[in-house]
Amino acid sequence: MIRYTIKYVLLVFVLVGFATACSNDDEAMMDDDMMMDDDMMGMDPDFSGTFAQVDFMGRPGINTVLSADGSIKDAHNMAIPSEMTATFQADFEARLEQYHDVYAMKLGLDPADVDYENNILGLDATTLTTVLSADVLEVAPDLPTTYFDPGTDADNDGRILVPDGDEVALTGRKLSDDIIDISLILLFGGMEGDRFSGQDLDNDGMADLPRLTSDGVGLTADILMTFPYVGDPE
């Protein structure tokens with residue numbers, strides 16, 4: 001009888017200890033992960049009120065660069081994608097041409113002589129701004145996902161950015177894609193991607209053309225293979 005009593009007492013201690021350990025683990029998880037506490041358990045999400053869309057980020061930087069003022073930028077951020085092209089393409093194209101006028105005057109040239117030049121994808125200003133004004137990412141099931149992949153120098157002309165048939169563009173975006181540089185090349189790089197790249201035309205060691213095809217900032221984030229796929233901010 002005494003032997004059974006001792007055994008049951010020991011069993012009670014084991015069960016109490018196990019239950020206590022489980023309880024502590026749960027509390028720690030709630031605290032560490034900021035999960036629901038007892039007061040939040042059983043609450044339904046509150047979707048009442050009026051919500052407003054404040055931003056798009058399919059093509060970062062495009063709205064900022066091509067909107068003439070804050071009101072257009074805000075309107076674009078709140079627009080419905082299916083209405084973006086009809087509403088903003090003309091404004092975006094006009095803004096793109098204005099940039100070229102400004103650069104022409106800066107260079108002491110006639111603005112009429114410095115217009116947008118078809119880019120490395122062969123897109124004219126109207127077509128390019130038609131594509132970019134809709135802030136969505138297209139998907140090409142049969143092509144790699146990329147904002148722009150120049151491929152190789154398939155025609156061996158020494159110019160990898162010039163379209164030679166194996167480039168892929170605007171089929172989505174990868175975390176490693178340099179979205180801003182690619183966008184600047186499409187907007188200001190002309191047919192060979194380097195139209196305004198800070199060239200030193202007279203070899204005096206000073207740039208004679210503005211550098212508009214890069215922000216000069218490379219990828220600094222660590223890309224991970226698991227969620228959230230980017231490392232800690234630097």
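Predicted model: local features only at pLDDT ≥ 70, side-chain atom pairs only at ≥ 80, totals over all residues.
**Overall build**

The protein has six helices and two strands. From the N terminus, the order of elements is α-α-α-α-α-β-β-α. Of its 234 residues, 27% count as buried. Among contacts with a separation of 6 or more, 61% join residues 24 or more positions apart.

**The α4 and α5 pair**

Two packed helices are described by the angle between their axes and the distance between the axes. Helix α4 spans residues 81-106 and helix α5 spans residues 125-133. Their axes come within 8 Å and cross at roughly 130°.

On the α4 side, the contact uses M84, T85, F88, Q89, F92, E93, L96 and E97. On the α5 side, it uses A125, T126, L128, T129, T130 and S133. By class, the contact of α4 with α5 has six nonpolar, six polar and two charged residues.

**H76, a buried histidine**

H76 sits in helix α3, residues 70-77. Its relative accessible area is 1%; buried means under 20%, so H76 is buried. Beyond its neighbours within four places in sequence, H76 is in contact with F56, N63, M84, F88, F92, S133 and D135. Of these, M84, F88 and F92 in α4 and S133 in α5 also take part in the contact between those two helices.

**The nonpolar core**

The largest nonpolar core holds 31 residues. Which members touch the most others? They are L66, L96, L128, L187 and F188. The elements giving two or more residues to this core are α2 (62-66), α4, α5 and α6 (179-188). Leaving aside neighbours within four places in sequence, L66 is in contact with D91, F92, R95, L96, Y99 and L187.

Most residues other than glycine have a negative phi, and most peptide bonds are trans.

The peptide bond from F227 to P228 is cis, with omega near 10°. P228 is likewise found in the segment after α6.

Technical notes. Residues numbered from 1 in each chain as written. Heavy atoms only, no water. Axes fitted to C-alpha atoms, helices over the stretch in contact; angles between N-to-C directions. Helix = DSSP H or I, 4+ residues; strand = E, 2+ residues; numbered from the N terminus. Contact = heavy atoms within 4.5 Å. Nonpolar A, V, L, I, M, F, W, Y, C, P; charged D, E, K, R; others polar. Buried < 20%, exposed > 50% of the residue type's maximum accessible area, 1.4 Å probe, protein only. Core = buried A, V, L, I, M, F, W, Y, C linked by side-chain atoms within 4.5 Å.
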